[in-house]
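Me: Please take a close look at one part of this model, the sheet and what surrounds it. Keep it brisk.

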Amino acid sequence: MAARKDVELTGCFAADLMSDVLAFARPASLLLTGLTTDQALRTAAIKHLAAVVVVEGKPVGSDMIEAAREEGIPLYRTPLSVFESCGLLSLAGLRPYRDCLPSS
Amino acid sequence: MDQESSSHHEFPVLGKAYFMGGRASTSVKRVLAAAGVEDEVIQRVSVACYEAEMNVVLHARSGFISLDILPDRIVLEVHDQGPGIEDVDLAMTRGWSSASDEARSLGFGAGMGLPNIKDHADDMRIESTPGRGVSMVLTFFLGDRVHD
């Protein structure tokens with residue numbers, strides 16, 4: 001929803017709790033969240049995350065879009081749930097931080 | 001960075017101004033980047049600063065953050081006027097929280113704030129007078145890391 005740009009993802013972190021993002025997310029990750037306040041963008045910027053995806057098709061307000069522009073963080077929205085999104089991203093080849101998936 | 005230079009910066013933080021939460025920390029991050037501080041340190045300072053700033057926004061009436069960039073370390077002080085913390089040891093426990101539903105709706109108040117600050121700083125001093133406020137002094141060493 002903010003300016004389109006190519007970003008390289010090193011991983012993904014899904015959380016609604018920004019303290020968890022601050023504690024556990026790794027730089028250049030995609031953030032999946034149900035939080036629709038500009039805190040999601042501020043947190044992403046502080047942690048050098050690659051982009052933010054709002055799940056469940058939640059309405060994204062102008063505050064959030066403005067914060068995305070200010071912080072230079074791409075902001076997206078999906079109608080999918082966190083679980084569905086994570087499943088698809090995993091199938092698309094995005095790997096978890098820890099090697100916890102069974103080998104195919 | 002220039003080892004001879006030191007600088008002092010202050011940023012006000014308004015209590016309950018939820019929409020402003022994170023702006024002071026963004027400014028701190030920019031000042032550190034402009035001063036040429038290494039990324040790893042900027043990352044630790046800004047995470048600790050953001051958590052501390054949100055503590056002020058969520059719990060206090062007002063406060064301020066001061067940032068000192070010294071040749072060998074960064075010192076971040078966060079002072080607020082507000083209810084203070086009754087039991088600092090308890091508040092340092094992961095998962096313990098006294099946050100309002102409003103705080104939780106912003107994605108904070110999960111009881112990770114103070115532990116996160118401690119994890120990201122090399123040294124953390126926190127003092128609180130219940131009914132008056134909280135003062136925090138955080139130190140981050142530059143160069144050879146003491147933090148593990």
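Reply: Start with the chain contact. In this predicted model, local features need pLDDT of at least 70, side-chain atom pairs count only at pLDDT 80 or more, and totals for chains, interfaces and linings use all residues. Residues are numbered from 1 along each chain as its sequence is written, with chains lettered from A and ligands numbered from 1 in the order in which they are written.

On the chain B side, 17 residues are in contact with 16 residues of chain A (contact: C-beta atoms, placed from the backbone, within 7 Å). Helix H1 (23-34), helix H2 (39-59) and helix H5 (113-120) of chain B each supply at least two residues of that side. H2(B) gives the largest share, 4 residues. Helices here are DSSP runs of H or I with at least four residues, strands are runs of E with at least two, and both are numbered from the N terminus. By class, the side of chain B that touches chain A has 7 nonpolar, 8 polar and 2 charged residues. Ala, Val, Leu, Ile, Met, Phe, Trp, Tyr, Cys and Pro count as nonpolar, Asp, Glu, Lys and Arg as charged, and the others, Gly among them, as polar.

Now the sheet. In chain B, 5 strands form an open sheet in the order S1-S2-S3-S5-S4, with antiparallel pairing (two strands pair if DSSP finds at least two bridges between them). Strand S1 (7-14) and strand S4 (123-129) of chain B stand at the edges. Each has a single partner strand, so one side of each is left without a neighbour in the sheet. Neighbouring strands are turned by 10° against each other on average, direction ignored. Angles run from 0 to 180 degrees between N-to-C directions, and axes are lines fitted to C-alpha atoms, for helices over the stretch in contact.

S4(B) runs antiparallel to strand S5 (residues 133-141) of chain B, and 7 bridges join them. Ser128(B) has Val134(B) in S5(B) as its bridge partner.

Two helices of chain B pack on this sheet. H1(B) touches S1 and strand S2 (62-69) of chain B. The direction of H1(B) makes about 165° with that of S1(B). H2(B) touches S1, S2, strand S3 (73-81) and S5 of chain B. The direction of H2(B) makes about 5° with that of S3(B).
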